[in-house]
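This report describes salt bridges, a surface patch and a pocket in one protein model. Please keep the structure in view while reading.

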Amino acid sequence: MDTENTRKREIRFELRLNDRERAAIRQQAEQRGLTESAFIRMSALGQPLPTRKTEIEVEAVAALNRVGSNLNQITRVANESKSLNADSIKSLSSLYKSIKSISAQIERKIQ
(Lines give C-alpha, C1' and ligand atoms only; values in the text may rest on other atoms or scores of the structure.)
Protein backbone atom coordinates (compact mmCIF):
# COMPACT_ATOMS: atom_id res chain seq x y z
CA MET A 1 0.00 0.00 0.00
CA ASP A 2 1.24 3.49 -0.79
CA THR A 3 2.54 5.03 2.45
CA GLU A 4 1.82 8.52 1.14
CA ASN A 5 -1.91 7.70 1.03
CA THR A 6 -1.99 5.84 4.35
CA ARG A 7 -0.10 8.42 6.37
CA LYS A 8 -2.14 10.18 9.06
CA ARG A 9 -3.54 13.43 7.78
CA GLU A 10 -2.96 16.22 10.27
CA ILE A 11 -3.36 19.33 8.11
CA ARG A 12 -6.82 20.88 8.07
CA PHE A 13 -8.11 22.79 5.07
CA GLU A 14 -11.06 25.13 5.33
CA LEU A 15 -13.48 25.47 2.43
CA ARG A 16 -16.42 27.83 2.14
CA LEU A 17 -19.56 26.52 0.44
CA ASN A 18 -23.18 27.49 0.15
CA ASP A 19 -25.95 25.06 1.15
CA ARG A 20 -26.49 23.80 -2.40
CA GLU A 21 -22.78 23.05 -2.93
CA ARG A 22 -22.52 21.25 0.41
CA ALA A 23 -25.58 19.15 -0.37
CA ALA A 24 -24.18 18.23 -3.80
CA ILE A 25 -20.84 17.18 -2.29
CA ARG A 26 -22.56 15.17 0.44
CA GLN A 27 -24.79 13.41 -2.11
CA GLN A 28 -21.94 12.55 -4.47
CA ALA A 29 -19.77 11.30 -1.62
CA GLU A 30 -22.60 9.08 -0.33
CA GLN A 31 -23.22 7.67 -3.81
CA ARG A 32 -19.59 6.54 -3.93
CA GLY A 33 -19.42 5.32 -0.34
CA LEU A 34 -16.89 8.00 0.61
CA THR A 35 -16.64 10.56 3.35
CA GLU A 36 -16.99 14.15 2.21
CA SER A 37 -13.30 14.70 2.96
CA ALA A 38 -12.23 11.71 0.88
CA PHE A 39 -14.50 12.76 -1.98
CA ILE A 40 -13.14 16.33 -2.04
CA ARG A 41 -9.52 15.13 -1.68
CA MET A 42 -9.80 12.56 -4.48
CA SER A 43 -11.62 15.02 -6.75
CA ALA A 44 -9.09 17.79 -6.15
CA LEU A 45 -6.13 15.46 -6.74
CA GLY A 46 -7.62 14.02 -9.93
CA GLN A 47 -7.84 10.52 -8.50
CA PRO A 48 -10.44 8.15 -9.95
CA LEU A 49 -13.58 8.10 -7.85
CA PRO A 50 -14.99 4.69 -6.95
CA THR A 51 -18.56 3.72 -7.63
CA ARG A 52 -20.49 1.98 -4.91
CA LYS A 53 -21.20 -1.66 -5.58
CA THR A 54 -24.85 -2.54 -5.59
CA GLU A 55 -26.10 -5.26 -3.29
CA ILE A 56 -26.76 -7.44 -6.35
CA GLU A 57 -23.19 -7.03 -7.63
CA VAL A 58 -21.71 -7.94 -4.25
CA GLU A 59 -23.96 -11.00 -3.95
CA ALA A 60 -23.25 -12.12 -7.53
CA VAL A 61 -19.50 -12.11 -6.95
CA ALA A 62 -19.93 -13.90 -3.62
CA ALA A 63 -22.17 -16.56 -5.19
CA LEU A 64 -19.77 -17.10 -8.07
CA ASN A 65 -16.90 -17.46 -5.61
CA ARG A 66 -18.86 -20.04 -3.60
CA VAL A 67 -19.56 -22.05 -6.77
CA GLY A 68 -15.88 -21.90 -7.69
CA SER A 69 -14.84 -22.98 -4.21
CA ASN A 70 -17.28 -25.92 -4.25
CA LEU A 71 -16.08 -26.95 -7.69
CA ASN A 72 -12.48 -26.82 -6.53
CA GLN A 73 -13.31 -29.06 -3.55
CA ILE A 74 -15.12 -31.56 -5.79
CA THR A 75 -12.17 -31.64 -8.17
CA ARG A 76 -9.70 -32.19 -5.35
CA VAL A 77 -11.74 -35.05 -3.79
CA ALA A 78 -12.30 -36.67 -7.19
CA ASN A 79 -8.61 -36.44 -7.99
CA GLU A 80 -7.54 -37.88 -4.62
CA SER A 81 -10.07 -40.74 -4.71
CA LYS A 82 -9.42 -41.51 -8.39
CA SER A 83 -13.20 -41.70 -8.88
CA LEU A 84 -13.07 -39.67 -12.12
CA ASN A 85 -10.98 -40.19 -15.20
CA ALA A 86 -8.24 -37.72 -16.15
CA ASP A 87 -10.38 -35.97 -18.78
CA SER A 88 -13.18 -35.31 -16.27
CA ILE A 89 -10.74 -33.95 -13.72
CA LYS A 90 -9.14 -31.74 -16.36
CA SER A 91 -12.59 -30.44 -17.36
CA LEU A 92 -13.51 -29.66 -13.75
CA SER A 93 -10.19 -27.89 -13.21
CA SER A 94 -10.69 -25.87 -16.37
CA LEU A 95 -14.21 -24.92 -15.30
CA TYR A 96 -12.92 -23.85 -11.87
CA LYS A 97 -10.26 -21.63 -13.48
CA SER A 98 -12.89 -20.09 -15.75
CA ILE A 99 -15.16 -19.30 -12.82
CA LYS A 100 -12.30 -17.68 -10.90
CA SER A 101 -11.38 -15.63 -13.97
CA ILE A 102 -14.96 -14.48 -14.52
CA SER A 103 -15.28 -13.60 -10.85
CA ALA A 104 -12.10 -11.51 -11.00
CA GLN A 105 -13.32 -9.74 -14.15
CA ILE A 106 -16.65 -8.90 -12.52
CA GLU A 107 -14.89 -7.68 -9.39
CA ARG A 108 -12.66 -5.37 -11.43
CA LYS A 109 -15.60 -3.95 -13.39
CA ILE A 110 -17.66 -3.12 -10.32
CA GLN A 111 -14.86 -1.47 -8.38
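A salt bridge is a side-chain nitrogen of Lys or Arg within 4 Å of a carboxyl oxygen of Asp or Glu. The model shown here is predicted.

| Salt bridge | N to O distance |
|---|---|
| Glu14 and Arg16 | 3.7 Å |
| Glu36 and Arg22 | 2.7 Å |

Glu59 is partly exposed, with a relative accessible area of 42%. Arg66 also counts as partly exposed, at 45% relative accessibility. Salt bridges with shared partners join Arg22, Arg26 and Glu36 into one network.

The side chains of Glu36 and Arg22 meet in a salt bridge. Because Glu36 belongs to helix 3 and Arg22 to helix 2, this pair ties together parts that are 14 residues apart in sequence. Glu36 is partly exposed at 23% relative accessibility, and Arg22 is partly exposed at 39%. In the pair of Glu14 and Arg16, both residues are exposed.

Attention now turns to the surface. Phe13 lies in the loop between helix 1 (3–6) and helix 2 (19–31). With 72% relative accessibility, Phe13 counts as exposed. Together with Leu15, Leu17 and Ile40, Phe13 makes a nonpolar surface patch of about 400 Å².

Phe13 is also one of the residues nearest the centre of the largest pocket, which 14 residues line. This pocket has a volume of about 670 Å³. Helix 3 (residues 36–44) supplies the largest share of its lining, four residues. By class, the lining has six nonpolar, three polar and five charged residues.

Notes
Residues are numbered from 1 along each chain as its sequence is written. This is a predicted model: local features need pLDDT of at least 70, side-chain atom pairs count only at pLDDT 80 or more; totals for chains, interfaces and linings use all residues. Side-chain values use heavy atoms; hydrogens and water are left out. Patches are made of residues with over 30% relative accessible area and no salt bridge: like charges are joined within 9 Å, nonpolar side chains (Val, Leu, Ile, Met, Phe, Trp, Tyr) within 5 Å. Accessible areas come from the Shrake-Rupley method with a 1.4 Å probe; for residues, only the protein chains shown count as cover. Helices (H or I, at least four residues) and strands (E, at least two) are DSSP runs, numbered from the N terminus. Buried means under 20% relative accessible area, exposed over 50%, partly exposed in between (1.4 Å probe, protein chains only). On a 1 Å grid over the protein atoms alone, a cavity is a set of points where a 1.4 Å probe fits but cannot get out, and a pocket is an open set with protein on both sides within 12 Å along at least five of seven lines; lining residues have an atom within 4 Å of a point. Grid points are joined across faces, edges and corners, and a volume is the space filled by probe spheres set on the points. Ala, Val, Leu, Ile, Met, Phe, Trp, Tyr, Cys and Pro count as nonpolar, Asp, Glu, Lys and Arg as charged, and the others, Gly among them, as polar.
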